[in-house]
Amino acid sequence: MRAIICAIILAFTTTTLLFAQDNDMQLAKQYNTNGEPQKALEIYQKLYRQNNEVYYSYYVNTLLNLKKFDEAESTLKKLIRKHPNEHQYPILLGTVYTQQGNQNKADAIYDDLIKNLPADRNEIAMLAGQFYQGSNLDYAVKIFLQGRKILNSDDAFTYELINLYRFKRDKAALTEEYLNFLPTNPNFITQAENAFATVFEGDVDYNMLKSALLRRIQKDPQQIIYTELLTWQYMQQKEFDLALNQSLALSRRQNDDGNSIFELCRTLTSNEAYDTAIRGYEFIISKGKTSPLYIPSKIELINTKNLKVTSGKYVQADLLGLEQDYTDLLTEFGRSNSTVFAMQKLAQLQTFKLHKLSEAQKLLESAVAIPNIRPELLAACKLDLGDVYLINNQPWEATLLYSQVEKDFPNTDINQDAKFRNAKLAYYTGDFTWAKGQLDVLKAATSQLIANDALNLLLLIEDNTATDSTGGPLKTYARADLQIFAERPDKALMALDSIDKKYPNNTLSDDILMSKSRILIQQKNYADAVPLLKKIADDHPN
């Protein structure tokens, strides 16, 4: 019974002591927060003397904050004598010497730890981790490098060193570490690229990587991973032709199916390096029809040429070449539900760039007659055919097609697109009353783009028919708008310039300026568009 009572008393005493110590810790933290470190020190000192194994770090670090270096040094030396095999005490003593301004004494302690490093991987990692926790990254690196020597393993601690070099932003060391690591671990190339992209800051860093890679390739030309990384490096510096050249050389050496070239070309296209991407796709196509990437490359080649044209980076020869590419594709694979996309793109090219309306009309009429077309693609072709009819002065045929698509796709974005085209047709042909009715509904469309466009067009009509119910100036302006849509800038400008002559003091001056700026933007002539936009801002602030 006495033993039980003693145990209960001991447990109660221990619990009470721990509770008191916890309260003391909270109070000490509060003192530090309030800027009263001396009061915190007194508490930590008391706790340390009660149990110096638990609270020494709080005590010593507070001594350092108060610059009581001698007391901190004395405390740590006692702990080192008591625990000669524990590394955290000499490491913290080195911190004392560093803050005291005696770096040589600190380095001597650290160097001694490195000198006596055991041939034990876990012990080495633990010691380096203690340096890392003390924010001494340089010595953490030295520990790992010395550990490699002791363990006679150049591959040891690779992950740890990579993380340290990234944290230190030691770009040269990070580069060398990855270049040593990747040949036997090629799956980590994406991780390496992400790491370089994170720490590299410009051409100087990427040129360093390039030089390192070229040295490695010269020494070991069969190592594919270096060539792949060099291709990536060229892409980062937007040296697109060099990137493709590297990838082409590797593909030829491996005699592969060109899959890496195909993926690179996709990236080149997204970077608007259209000519380089075209060269890559043509390389894959040159492998012949038996290549698994022949058809995808043919399609992507045409799509890339189309992007080049629609971006405005083309000459007339590019338009004709693209038209021929679409024609060749349809000749080679026939006109079917699997090639309707090409028929649609070719018709768009002929409509808006080459202005071959009759050919575009015939092509789309044959496209919509092909059975088993995906419904959304069929709707898109019908809407495009409606646009051709509209531009070719056949508004009745156009509205029939728009209305047909509108009926076939209720409560969808396609429905709202078709309805908006019908409203614009009414606007282009001067039926402003009917157009306003449709636009008033569409301004609440679920598609924000259509809603915004509908509201803008509605306001244009309302503003310019309020004082002139006949809408004479607006009818001429709408005809000019149709020519802008058809990409016929000369006819559009002629109509716009005629408005002020025929209708002096009209209310369309700001809209005319905006339309002229739209024409210039359509032509990628941004420099000339800027003054017009500035004039709108200056002369029409409301």
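Leaving aside its neighbours within four places in sequence, which residues is Thr304 in contact with? The views below start there, in what is a predicted model.

**View 1. Thr304 and the residues around it.** Once neighbours within four places in sequence are set aside, Thr304 is in contact with Thr269, Tyr274, Ala277, Ile278 and Tyr281. You'll find Thr304 in helix H17, which covers residues 294-310. Its relative accessibility is 1%, so Thr304 counts as buried. Look at Thr269 too: its side chain makes a polar contact with the side chain of Thr304, at 3.5 Å.

**View 2. Into the largest pocket.** This pocket has a volume of about 1300 Å³. Its lining takes in 42 residues, and the ones closest to the centre are Lys424, Tyr428, Asp453, Asp481 and Arg518. What sort of residues make up the lining of the largest pocket? They divide into 18 nonpolar, 11 polar and 13 charged.

**View 3. The helices around the largest pocket.** H17, the helix that holds Thr304, is one of those supplying at least two residues of this lining. The largest share comes from H25, with seven residues.

**View 4. The second largest pocket.** Here the volume is about 320 Å³. There are 15 lining residues, and Glu228, Thr231, Trp232, Ser247 and Ser260 lie nearest the centre. By type, the lining splits into five nonpolar, seven polar and three charged residues. Helices H11 (189-199), H13 (224-236), H14 (240-254) and H15 (259-270) each bring at least two residues to it. Which helix gives the most to this lining? That's H13, with five residues.

**View 5. The largest nonpolar core.** In soluble globular proteins, nonpolar side chains tend to be buried together. The largest nonpolar core in this model has 74 residues, and those touching the most other members are Phe131, Ile143, Leu174, Tyr178, Phe196 and Leu229. H13 turns up again, giving the most to this core with seven residues.

View 6. Leaving aside neighbours within four places in sequence, Leu174 is in contact with Ile162, Tyr165, Arg166, Ala195, Phe196 and Val199. Elsewhere sits a second, separate core of 65 residues; among them are Val340, Ala367, Ala451 and Ala495.

Notes. Residues are numbered from 1 along each chain as its sequence is written. This is a predicted model: local features need pLDDT of at least 70, side-chain atom pairs count only at pLDDT 80 or more; totals for chains, interfaces and linings use all residues. Side-chain values use heavy atoms; hydrogens and water are left out. Helices (H or I, at least four residues) and strands (E, at least two) are DSSP runs, numbered from the N terminus. Buried means under 20% relative accessible area, exposed over 50%, partly exposed in between (1.4 Å probe, protein chains only). A polar contact is a pair of N or O atoms within 3.5 Å; within protein, one must be able to donate a hydrogen and the other to accept it, and residues adjacent in sequence count only if both atoms are side-chain atoms. Contact means heavy atoms within 4.5 Å. On a 1 Å grid over the protein atoms alone, a cavity is a set of points where a 1.4 Å probe fits but cannot get out, and a pocket is an open set with protein on both sides within 12 Å along at least five of seven lines; lining residues have an atom within 4 Å of a point. Grid points are joined across faces, edges and corners, and a volume is the space filled by probe spheres set on the points. Ala, Val, Leu, Ile, Met, Phe, Trp, Tyr, Cys and Pro count as nonpolar, Asp, Glu, Lys and Arg as charged, and the others, Gly among them, as polar. A nonpolar core is a set of buried Ala, Val, Leu, Ile, Met, Phe, Trp, Tyr and Cys residues joined through side-chain atoms within 4.5 Å.
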